Amino acid sequence: MHSNRTSAVPRKRVWWWIGAGLLVCLLTLLVVGEVMVRRAGPILRGRVVETLQTRFHSRVELDYFDVSLLHGFAVTGSGLRIYSQDDVVTAGANDPLITVGQFEFHTPLRSLFVKPMHVGTVRVAGMTIRIPPRQERVADAPARRRRGKIEVIADEILVENSTLVIGTAKANKDPKRFALERIRLRHVGEGEPMEYEATLMNAFPRGQIHASGAFGPWNAEQPGESAVRGDYVFDHAELNSIKGVGGTLSSAGSFNGRLNRIEADGTTTTPDFSLDTANHPMPLATHYRAVIDGTNGDTYLQSVQAKLGGSEFTCAGAILNVKGKGHITDLDVDIPAGRLRDFLELAVKTRPPFMQSGISMKMHLRVPYGRESVTKKLEMQGRFRLRQIRFTNPQVQDKVDMLSLRAQGNPKDARPGASDVPSQMSGSLVLSRGQMTVSQLNYLLPGAQVALDGVYSLDGKTFDFHGKVRTAATVSQMVATGWKSFLLKLADPFFSKHGAGAEIPVKITGTEGAPKFGLDFGGGKKSEAAQEKDDLQSRRDELTPDGRIARHPSPGLPIPRSRR
C-alpha cells in the first residue's frame, strides 16, 4: 500500500512538469511569433516599398501594411500610391501614377531570409493607372534613377476591377479611360516585358474584349513609348449601344507597337447590321488595318475591305476623339462595283427597294459627335453611277419602257410589258439630316435623256424631282399617227431645242412607293446662257478627256448642233 502511494506522487509530478514545459514552449512560440511578426512587418514593408521605388524610379507611399502568421506570412495592404519620377514631373501634375485600393499575398517563412524574396501570386483590387501626357514633363530635366534593389519578385499578379487612364495635353481631347475587369501579369521583372491576359469592358460598342500578349518594358520617363503587343477577341459587341445602329459584332485580330502608336490588323463580322431608318438586318464583314493612338483614343483606318450583303467596297479615314463631346467619324468610301439593292435595303424602310442596279460610287462620309441617332447625324457627299437599272414597281418600269419607245419614235409599240430597256444613271448627292439632295442627275435610256435635280428622304416620304426630258423624236413623232400627231407638228418647233427632237419639262413627286410623273410648266424659264450651262453640266459624264462631248451608246440622242 505504501509503495503504490509513493509511485503515484512522482507520476503526477512528471505530468505537471510536462504540462508546465508545454505551456512554457507555447508562450515561447507566441513570444517568438510576436517578435517575428513585429520584425517581419517592417522588413516586408521595406522590401515592398524598396522594390516599387526601384522598379518605377519613383516615390512610393503606403498607408496600411499588415502581416499575420497564417500558413507562413499572410500580407495585406491598402492605400498604395506610386508617383511619377520626381525629377521629370512638372508642378501641378501631382496625381499618383498608380493607386491601389488593396493587395495581399502569401509567402513561406523561409522567404524572409532570401533575397530577392519570391512571391507566388499577388492579388490586387481597385487599381487605377494614370499615364500623364508627355507635355506634363520637363523636357530638359535629367532622368535620375533611384538607387535600390529588387527585393521582391512576384511570379504572378492578379488585378480585379482596375482602370487605365491615359491623359492628353490636347485641349480638344478627353483622357482615354479603359475599364479593366481582370488582368493577369506574369514575369514581372526589371527591364523585361510582362506577359498579360486581360479582360476589359468596351463602352462603344458595348462588349467584352479578351486580350493576351506582352507589355513593356515600362518606360517611366515616357509611358506612351512603352511597347505593347498581343492578340484580341471581341465577342458579342452590342452595336445598339450606338444610337441609330443595331446588330451584334464579333472581331478578332492582333496589334503591335507603342502605347501611343499601336498598329492593328483584324476582322469584324456582323451578321445582322442595321440602321434605324429601315431596321432591315444585313450581313457586314470587314478586314481592316489601323493605327491607334492609345494616349487619346484616335483611330486612323489605313485600309478597310468591307462586304455588305453582296457588295464589296473599301474605305479609309479616321475616328477622332473630341473632348467632352464624343467622336467624329470621317471616311472616304469607294464602291467600284456594288449592288444598289444592298445599300437601299440597309438604309430605306420601303421593301422591296424601289430600284435595282449595279452601282459605282466615290463619296466622303462624316458622322459628327452628338446625342442624335447616327442616321440623323450622317453626312455624305459624292458622285455615283448606276448601271442596268430596273424598277421593282412594275407600273414605274412600264412607264420608263414606254417613254423610251415613244422617245425613239415608236409610239405604236408603247404598251405595258412591251419592252425591257437598259438604262443608266449618274449624278451627285449630298446627304444631311436624313434628306438626300441629288443634283446633275443624268438618266440615260434609249431615245431619251432625263436631267433632274431634287430631294429624297430616307424614310421614303419625300420624293420631289424636277428637270427636263430630251428625246430623239419630236413631240408629234411620240404620238401615234392620226389627227393628234398632225396637230402636234405645229408644236414641234417650240419643244425642239439644242439639237434634240423635243425638250420637255417634267417632275416626279409623291413617295418612293407611289411616285407621280407629270409635266412641269410652272418652274419658270431660264436664260439661254443658263440653260446652256445646265445642259453642259448634266452631260459632264459624257465628256472625253480632252473636253469634247462623246456619244453615249445607249440613249441614241443626236449631238446638239451648238456642240458639234
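In helix α2, the buried residues are L340, D342, F343, L344, E345, L346 and A347, where buried stands for under 20% relative accessible area, exposed for over 50%, and partly exposed for anything in between (1.4 Å probe, protein chains only). That leaves α2, which spans residues 340–347, mostly covered, with seven of its eight residues buried. Helices (H or I, at least four residues) and strands (E, at least two) are simply DSSP runs, numbered from the N terminus.

All of this comes from a predicted model, in which local features need pLDDT of at least 70 and side-chain atom pairs count only at pLDDT 80 or more, while totals for chains, interfaces and linings use all residues. Residue numbers start from 1 along each chain as its sequence is written, and side-chain values use heavy atoms, with hydrogens and water left out.

Taken as a whole, the protein chain comes to seven helices and 24 strands. Of its 564 residues, 45% count as buried. The accessible surface comes to about 30400 Å², and carbon and sulfur atoms hold 56% of that; the areas come from the Shrake-Rupley method with a 1.4 Å probe, and for residues only the protein chains shown count as cover. As for contacts (heavy atoms within 4.5 Å), 55% of those between residues at least 6 apart in sequence join residues at least 24 apart.

On confidence, the mean pLDDT of the protein chain is 77, and 74% of its residues reach 70 or more; pLDDT is the predictor's confidence in each residue, from 0 to 100. Residues 26–35 have a pLDDT below 50, and beyond near neighbours in sequence this stretch has one contact in the model. Residues 137–143 also sit below 50, but that stretch has 16 contacts beyond near neighbours in sequence. Where pLDDT is low, the predicted coordinates should not be read in detail.

Now to the strands, which pair if DSSP finds at least two bridges between them. Strand β2 (residues 73–82) runs antiparallel to strand β3 (residues 98–107), with nine bridges between them; within β3, E104 is the bridge partner of T76. On to strand β4 (residues 117–131), which pairs with β3 over seven bridges, again in the antiparallel sense. Here V122 of β4 is the residue opposite F105.

Strand β7 (residues 194–202) and strand β8 (residues 206–215) run antiparallel and are joined by nine bridges, with a hairpin of three residues linking β7 to β8. E195 has A214 of β8 opposite. β8 also pairs with strand β9 (residues 227–238), antiparallel and over nine bridges, and there G213 faces G230 of β9.

Leaving aside residues up to four places away in sequence, R184 touches E156, I157, L158, E195, Y196 and E197. With E156, the link is a side-chain to side-chain polar contact at 2.5 Å; a polar contact is a pair of N or O atoms within 3.5 Å, where within protein one must be able to donate a hydrogen and the other to accept it, and residues adjacent in sequence count only if both atoms are side-chain atoms.

Finally, N393 belongs to the loop between β18 (379–391) and α4 (394–407). With a relative accessible area of 23%, N393 is partly exposed. N393 and F354 are 39 residues apart in sequence, yet their C-alpha atoms are 6.4 Å apart in space.
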